[in-house]
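Take a first look at the chain below. Read the short report that follows with the model in view.

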Amino acid sequence: TPLGLIMRKVYWIGALGWAVNVFWTCDIGVNFCTGYFDETDVIMDWKQIARQYVSRWFLFDVVVVLPDWVALILETDENIVETLSALRMLKIIRMLRLMRL
């Protein structure tokens with residue numbers, strides 16, 4: 001995580017990074033089960049929900065979460081971590097999306 005780059009000796013930062021990644025990865029799965037509004041109707045059919053999510057937000061969510069997983073796995077190579085940390089800025093956009101809800 002970006003904070004982990006600054007505070008290398010603090011071990012709970014690494015655990016926090018794993019916890020955050022697990023949370024957002026689980027959120028991707030939850031989005032396949034979360035209904036949505038279509039004009040005035042609430043759609044709760046899982047096939048329609050999955051189709052809606054995959055066509056709108058799934059790729060974006062994977063692009064946001066994937067660099068974090070790669071960075072955690074490849075933490076030993078600082079150059080890769082620094083490059084991937086730039087992609088983490090997409091999380092800000094995702095947070096704005098959550099605030100819109």
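The report goes from the overall layout to single residues.

## Overall layout

This is a predicted model. The chain has six helices and two strands. Starting at the N terminus, the elements run α-α-β-β-α-α-α-α.

How much of the chain is buried? Of the 101 residues, 27% are buried. Being buried means having under 20% relative accessible area.

Helix α3 spans residues 46-56. Its buried residues are Ile-49, Ala-50 and Tyr-53. Looking down the axis of α3, these buried residues sit within an arc of 95 degrees, so they line one face of the helix. An α-helix has 3.6 residues a turn, so residues three or four places apart point the same way.

The other side of α3 carries Arg-51, Ser-55 and Arg-56, which are exposed.

Ala-50 has a relative accessible area of 18%, so it counts as buried.

## Aromatic pairs

How many aromatic pairs does a search of the whole structure find? There are six. In one of them, the ring centres of Phe-23 and Trp-24 lie 5.1 Å apart with the planes at 80 degrees, so this pair is edge-to-face. The cut-off for that label is over 60 degrees. Phe-23 is exposed, because its relative accessibility is 52%. Trp-24 is buried, because its relative accessible area is 12%.

Phe-32 and Tyr-53 make another edge-to-face pair, with 5.0 Å from centre to centre and 85 degrees between the planes. This pair links distant parts of the chain. Phe-32 is in the loop between α2 (11-31) and β1 (36-38), while Tyr-53 is in α3, and the two are 21 residues apart. Phe-32 has a relative accessible area of 27%, so it is partly exposed. Phe-32 and Tyr-53 also belong to one aromatic cluster with Phe-58.

Which residues make the nonpolar surface patch? They are Trp-18, Leu-66, Val-70, Ile-73 and Leu-74. The patch covers about 450 Å². Helix α4, residues 58-73, gives the most to the patch, with three residues.

Leu-66 is one of the patch residues, and it lies in helix α4. Is Leu-66 buried, partly exposed or exposed? Its relative accessibility is 48%, so it counts as partly exposed. Leu-66 and Thr-25 are 41 residues apart along the chain, yet their C-alpha atoms are separated by 8.9 Å.

## Cysteines

How many disulfides does the structure hold? The number is zero. Cys-26 is partly exposed, because its relative accessible area is 47%. Cys-33 reaches 61%, so it is exposed. A disulfide would need two cysteine sulfur atoms within 2.5 Å.

## Two loop residues

Trp-57 sits in the loop between α3 and α4. Its relative accessible area is 26%, so Trp-57 is partly exposed. Trp-57 and Ile-28 are 29 residues apart in sequence, and their C-alpha atoms are 9.3 Å apart in space.

Glu-39 lies in the loop between β1 and β2 (41-43). Its phi is positive, at about 60 degrees, although Glu-39 is not a glycine. Most residues other than glycine have a negative phi. Glu-39 is also exposed, because its relative accessibility is 76%.

Key
Residues are numbered from 1 along each chain as its sequence is written. This is a predicted model: local features need pLDDT of at least 70, side-chain atom pairs count only at pLDDT 80 or more; totals for chains, interfaces and linings use all residues. Side-chain values use heavy atoms; hydrogens and water are left out. Patches are made of residues with over 30% relative accessible area and no salt bridge: like charges are joined within 9 Å, nonpolar side chains (Val, Leu, Ile, Met, Phe, Trp, Tyr) within 5 Å. Accessible areas come from the Shrake-Rupley method with a 1.4 Å probe; for residues, only the protein chains shown count as cover. A salt bridge is a side-chain nitrogen of Lys or Arg within 4 Å of a carboxyl oxygen of Asp or Glu. Helices (H or I, at least four residues) and strands (E, at least two) are DSSP runs, numbered from the N terminus. Buried means under 20% relative accessible area, exposed over 50%, partly exposed in between (1.4 Å probe, protein chains only). Rings of Phe, Tyr and Trp (its six-membered ring) pair if their centres lie within 6.5 Å; planes under 30 degrees apart count as stacked, over 60 as edge-to-face and the rest as tilted. The arc is that of the directions from the helix axis to the C-beta atoms.
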